[in-house]
Amino acid sequence: MEWGMKNRFSRIMNAQSGNCVMLAVDHGYFQGPTTGLENLGKTVEPLLPYADALMITRGALRNWIPAEMNKPIVLRVSGGQSILKELSNEIITTSIEDAIRINASAITCSVFVGSENEKETIGNLARIVNEGETYGIPVLAVTAVGKEMVRDARYLGLACRICVEMGAHMVKTYYCQDFPKIVKACGNIPVVIAGGKKIEEKAALEMAYNAIQDGAAGVDMGRNVFQSDNPVGMMKAVQAIVHEKATVAKALKIYKPSAK
Ligand code: 5RP
């Protein structure tokens, strides 16, 4: 890895654990004012001290996040569709020049393997990897579930491996049974998990714990943090799992000291 890329990458990964707790707040790019993100700045501010990086769009960043903030930005540069239409119909929305202007530590786009626009979204990833390699900016590939695809290790392993082969420097996917197969398929490329739809806190913490045990390099979570009844508690609990390998029982106590 070239020096600049290595330097940006090391801002995202925690030096002690080698893992990463990324806070994802980019949901509005396809689903509008997501519950919990209506006033994005107010939601993010108390969570930032416990995040290693913030995944966000340029518009949200410029609107709601003060430039004095010193956490690394993982900038979403794809979009162009909404929940009302075919989700895989993405284009690259943000130029590499704007990512550099923003001082992004990484750039990211979604890849919809098996979907109507599979080729275009793999092409989007290849394009931003080319740009990232030119300017020393790492690329996070987000693997999303294609039409009629199940979230199992076979499909997600296929999708993640394609992202790795395209040159992604980090991959984000869903946790599933046989997760170690996905990690293995990605070789030396770190794999982080998305949280997905809001589930019960205990289940979300179990998922994070199992992912770390199975070789994930961290989480890139959104709704299970900011839609929790105690978002700061959840961030601290997830951080303990990812960086200190805390048990679920310990993490639950961190999330809510009164929880069983
Ligand atoms: C959408 C994304 C989101 O950032 C991702 O889904 C993470 O958020 P959540 O934990 O809420 O699923 O990449 O494509």
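The model is predicted. Its protein chain contains 12 helices and 10 strands. The radius of gyration of the chain is 17 Å, close to the 18 Å from the globule rule for 260 residues, so the chain is as compact as a globular protein of that length.

**Overall dimensions**

- The C-alpha trace of the protein chain spans about 50 × 40 × 40 Å along its principal axes.

**Ligand shell**

- The ligand is surrounded by 15 residues.
- The closest of these residues are A24, A194, G195, G222 and R223.
- Two elements, strand 10 (218-221) and helix 10 (223-226), each supply at least two residues of the shell.
- Sorted by class, the shell holds six nonpolar, six polar and three charged residues.

**Helix 9 against helix 12**

- Two packed helices are described by the angle between their axes and the distance between the axes.
- For helix 9 (residues 201-213) and helix 12 (residues 248-255), the axes come within 10 Å and cross at roughly 135°.
- An angle over 145 degrees would count as roughly antiparallel and one of 65 to 115 as roughly perpendicular; helix 9 and helix 12 are therefore oblique to each other.
- The crossing of helix 9 and helix 12 is right-handed.
- On the helix 9 side the contact is made by E201, K202, L205, E206 and Y209, and on the helix 12 side by V248, A251, L252 and Y255.
- The residues of this contact comprise six nonpolar, no polar and three charged.

**Helix 11 against helix 12**

- The axes of helix 11 (residues 231-244) and helix 12 come within 7 Å, with a crossing angle of roughly 155°.
- Angles over 145 degrees count as roughly antiparallel, and helix 11 and helix 12 are therefore roughly antiparallel to each other.
- Helix 11 passes helix 12 in a crossing that is right-handed.
- Helix 11 contributes G233, M234, K236, A237, A240 and I241 to the contact, while helix 12 contributes K250, A251, L252, I254 and Y255.
- By class, the residues of the contact of helix 11 with helix 12 are eight nonpolar, one polar and two charged.

**Residues of helix 12 in both contacts**

- A251, L252 and Y255 of helix 12 take part in the contact with helix 9 and also in the contact with helix 11.

Technical notes
Residues numbered from 1 in each chain as written. Predicted model: local features only at pLDDT ≥ 70, side-chain atom pairs only at ≥ 80, totals over all residues. Near = placed C-beta within 6 Å. Helix = DSSP H or I, 4+ residues; strand = E, 2+ residues; numbered from the N terminus. Nonpolar A, V, L, I, M, F, W, Y, C, P; charged D, E, K, R; others polar. Axes fitted to C-alpha atoms, helices over the stretch in contact; angles between N-to-C directions. Parallel < 35°, antiparallel > 145°, perpendicular 65-115°, else oblique. Left-handed = near helix turned anticlockwise from the far one by under 90°. Contact = placed C-beta atoms within 7 Å. Rg over C-alpha atoms; globule rule 2.2 N^0.38 Å.
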